[in-house]
Each structure stands twice: as structure tokens, then as C-alpha cells.
Amino acid sequence: MDNPFLKIYRLSQLATSYKLKLLRPLGPPCQFGIEATNRCNFKCHFCPQSNNDHKNVRPVGNLSIEDFRSFIKNIKYTNCGNSNISICLDGEPTLNKNFPEFIKISNEEGFFPRFSSNGMLLTRELVDKLSPYKYLASVDFSSDSSVFDNIRGYKGSFYSVLKNVKYLVSTATTARQIKIEIVDITHFPNNPGNANSLVKMKRLFSADDLPSNIAFWSREFHNFCGHLDTRYDRLISRRYKLCPYPWSSFSVTWDGNVVACCRDTAGRTILGNVFETSIRDIWYEEKYVSLRKALVEKRVNEVAACSECDMPYSSSSGRWRIKYLLSSLLRR
Ligand code: SF4
Ligand code: SF4
């Protein structure tokens with residue numbers, strides 16, 4: 001499905017639409033994500049899942065195989081030229097028993113799926129089951145067992161995840177169609193004692209000898225639409241920048257609701273439902289247009305998902321350049 005010329009054309013359409021602040025973009029979205037489940041076996045401090053009432057903010061459930069197929073068909077219909085799909089939003093995707101089937105279907109339909117997992121259930125058995133397929137797995141990790149167990153809210157999880165990730169890494173050294181990202185979360189919440197944490201984490205995997213399909217980096221934390229209030233308060237004084245997501249991405253919950261972006265895990269701003277309406281229609285209908293208009297006019301307070309989000313005040317200015325937007329989308 002990946003057509004490089006169409007992809008570049010579509011990306012330039014979106015970049016132009018964002019730059020000109022068009023309320024109805026010239027082309028369809030190019031980043032698609034759907035949630036496998038909003039259940040999770042962890043309670044990470046930085047995530048709204050750690051709130052006891054999070055399970056009550058929207059229905060808890062699992063994406064079905066039929067609905068996943070229907071979403072894939074819906075994406076193809078947009079003719080977006082992009083074959084990447086993210087199979088996660090809120091929750092831990094491997095908790096859905098259909099998860100291996102989602103990866104298989106994605107490949108059969110010409111898509112390259114990516115997912116973020118906390119690694120706890122990414123066992124040897126599951127990794128072997130996924131071995132015939134292409135995918136990108138991103139796992140948050142740390143070199144410090146007590147920091148990791150504390151942040152993730154699951155005592156003893158460090159050694160289980162280490163064992164699983166080591167096996168995953170060992171398979172990716174020969175199965176080069178698989179990509180792995182191991183993301184350091186040690187520095188949350190800005191612990192200065194962990195300055196060399198990324199280097200220490202790489203040592204756990206003998207990273208110097210690993211092929212280029214296995215990457216390591218440090219996570220840049222955002223405030224999860226206000227879940228981390230202190231960070232938001234600190235950043236709010238910075239200059240407002242227009243958030244690019246409503247011009248590029250399309251995020252869907254397990255039951256088909258389209259939310260403002262991948263950070264809106266509580267489903268505060270619902271823009272339509274993909275199991276009832278086509279992606280193209282939702283992308284151009286009034287709710288999406290109103291979201292873009294509010295952000296263009298700096299009325300973030302009027303949008304439930306965006307009102308406490310730190311994205312428009314982020315300090316990483318490079319993120320806002322068109323060149324960055326295009327290159328990051330082309331990499332996916
Ligand atoms: S960050 Fe991921 S693993 Fe952690 S609680 Fe949230 S959904 Fe679960
Ligand atoms: S401002 Fe925040 S919540 Fe709103 S679309 Fe952008 S990233 Fe999402």
C-alpha cells in the first residue's frame with residue numbers, strides 16, 4: 001500500500017494545510033492509530049491509568065477482529081498513501097487476545113503496525129507467535145529496578161520485563177523486518193540522579209553490538225492532558241504554538257470513537273465514530289473543524305481534551321517546524 005510519491009504528495013498537502021491553518025485540510029490524515037484495549041496491568045505514575053476513577057471515564061473493552069478489519073478498510077478508502085498503523089492508544093495492547101491477529105491482518109493488508117507495550121506480557125511465546133510478521137515494538141524501560149517498579153506501580157515487574165525484552169532483542173538481531181525501540185523512563189519525575197540512565201540501560205543489552213533495527217532513547221514526558229498538573233503549571237507561561245495533531249493524526253478508541261489525538265486517552269473530545277461514519281467524513285465534519293478552529297484561535301480552554309494539555313506550550317521548538325513534521329511522518 002505504501003506509495004512513496006502519493007505519500008510525499010499527501011504529506012505536503014497536510015504540511016501546507018497546517019502552515020496555512022486551513023480548517024479543512026487539503027488531504028486525509030496520515031497517522032492512524034486504534035486502541036486494542038483500554039485495560040492495563042500497570043498503573044504508571046505518569047499515566048491516567050493510575051487514577052482509580054480512570055476505568056469509569058469511558059467503557060472498558062477490547063477491539064474485535066471484525067472492527068479492526070473494518071478500520072483497515074476505512075483507512076485504505078482514504079487513499080492516504082501511508083501504510084503505517086499504530087495499534088495502541090490507552091491500555092496495554094497485548095492484553096487483547098486478538099492482538100497477534102491484528103499484527104497478522106495488518107501485514108496481510110499491506111500495513112506496517114507499531115505498538116507500545118509495557119513488556120510484561122511480551123513473553124517468549126507471544127514474540128514467537130509474531131515472528132513471521134513485520135512490526136515495530138516500543139517498550140518503556142529503565143536500568144534501575146527500584147525506579148522502574150516504582151514508576152510502573154508493579155513490584156517485581158523489572159525482572160520479568162527485562163527477561164522478555166532480552167528475548168525480543170535477540171530475535172530482532174536476526175529477524176531484521178522487526179523494529180524495536182527501548183525507551184528510557186528513568187528520569188521521571190526529573191530525577192537528577194539518573195543523568196546517565198540511558199547509557200546504563202543500553203549496557204543491559206550490550207547495545208554497542210546491536211543492529212540498527214534496535215534503537216534506544218529517552219522518553220520526553222508530556223502531561224497526559226493535565227494528568228501531571230505540576231508540569232503543565234510550569235509550562236503554561238511559555239509562548240503558545242499551534243498543535244499539529246488535528247492536521248495530521250487520527251486516533252480511535254476500541255469502540256470506534258475518534259478522539260482529539262493519541263494523548264486524549266480519557267476520550268474527553270469525541271469527533272465521530274469510525275464504525276458508523278467514514279474517516280473522510282469525520283475528518284471534514286463540523287466537530288473536527290471546530291477543534292482546529294479553537295486551536296487556531298488559541299481557545300484551548302474550550303476544548304475538553306486540550307484545555308490542560310502542555311503540547312501547545314512545549315519547549316521543544318523543533319517539533320513545530322514543517323520540516324520536522326514531514327520527516328517524522330516519513331520515518332513511520
Ligand atoms: S503508561 Fe501504558 S503501561 Fe503504564 S499504566 Fe498507562 S497504559 Fe498502562
Ligand atoms: S493540544 Fe494536546 S490534547 Fe489537544 S490535540 Fe494537541 S496534543 Fe492533543
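Author: Of the 13 residues around ligand 2, those that come nearest are C243, C261, C306, C309 and M311. This is a predicted model, in which local features need pLDDT of at least 70, side-chain atom pairs count only at pLDDT 80 or more, and totals for chains, interfaces and linings use all residues. Residues are numbered from 1 along each chain as its sequence is written, and chains are lettered from A and ligands numbered from 1 in the order in which they are written.

Reader: What makes a residue count as near a molecule?

Author: Its C-beta atom, placed from the backbone, must lie within 6 Å of the molecule.

Reader: Which classes make up the shell around ligand 2?

Author: The shell has 11 nonpolar, no polar and two charged residues. Ala, Val, Leu, Ile, Met, Phe, Trp, Tyr, Cys and Pro count as nonpolar, Asp, Glu, Lys and Arg as charged, and the others, Gly among them, as polar.

Reader: Which residues are around ligand 1?

Author: They are C40, F42, K43, C44, C47, Q49, D90, G91, E92 and N118. By class, this shell has four nonpolar, three polar and three charged residues.

Reader: Why is α2 called roughly parallel to α3?

Author: The axes of helix α2 (residues 65-78) and helix α3 (residues 99-108) come within 10 Å and cross at roughly 25°. Angles under 35 degrees count as roughly parallel, over 145 as roughly antiparallel, 65 to 115 as roughly perpendicular and the rest as oblique. The crossing angle therefore makes α2 roughly parallel to α3.

Reader: Which residues make the contact?

Author: I65, F68, R69 and I72 of α2 and E101, F102 and I105 of α3 make the contact, where two residues are in contact if their C-beta atoms, placed from the backbone, lie within 7 Å. These residues divide into five nonpolar, no polar and two charged.

Reader: Why does F224 count as buried?

Author: A residue is buried if 20 or more other C-beta atoms lie within 10 Å of its own, exposed if 12 or fewer, and partly exposed in between, with C-beta atoms placed from the backbone. F224 has 22 C-beta neighbours inside 10 Å, so F224 counts as buried. F224 also has a positive phi of about 50° although it is not a glycine.

Reader: What makes C225 buried or exposed?

Author: C225 has 24 C-beta neighbours inside 10 Å and therefore counts as buried. The phi of C225 is positive too, at about 55°, although C225 is not a glycine.

Key. Axes fitted to C-alpha atoms, helices over the stretch in contact; angles between N-to-C directions. Helix = DSSP H or I, 4+ residues; strand = E, 2+ residues; numbered from the N terminus.
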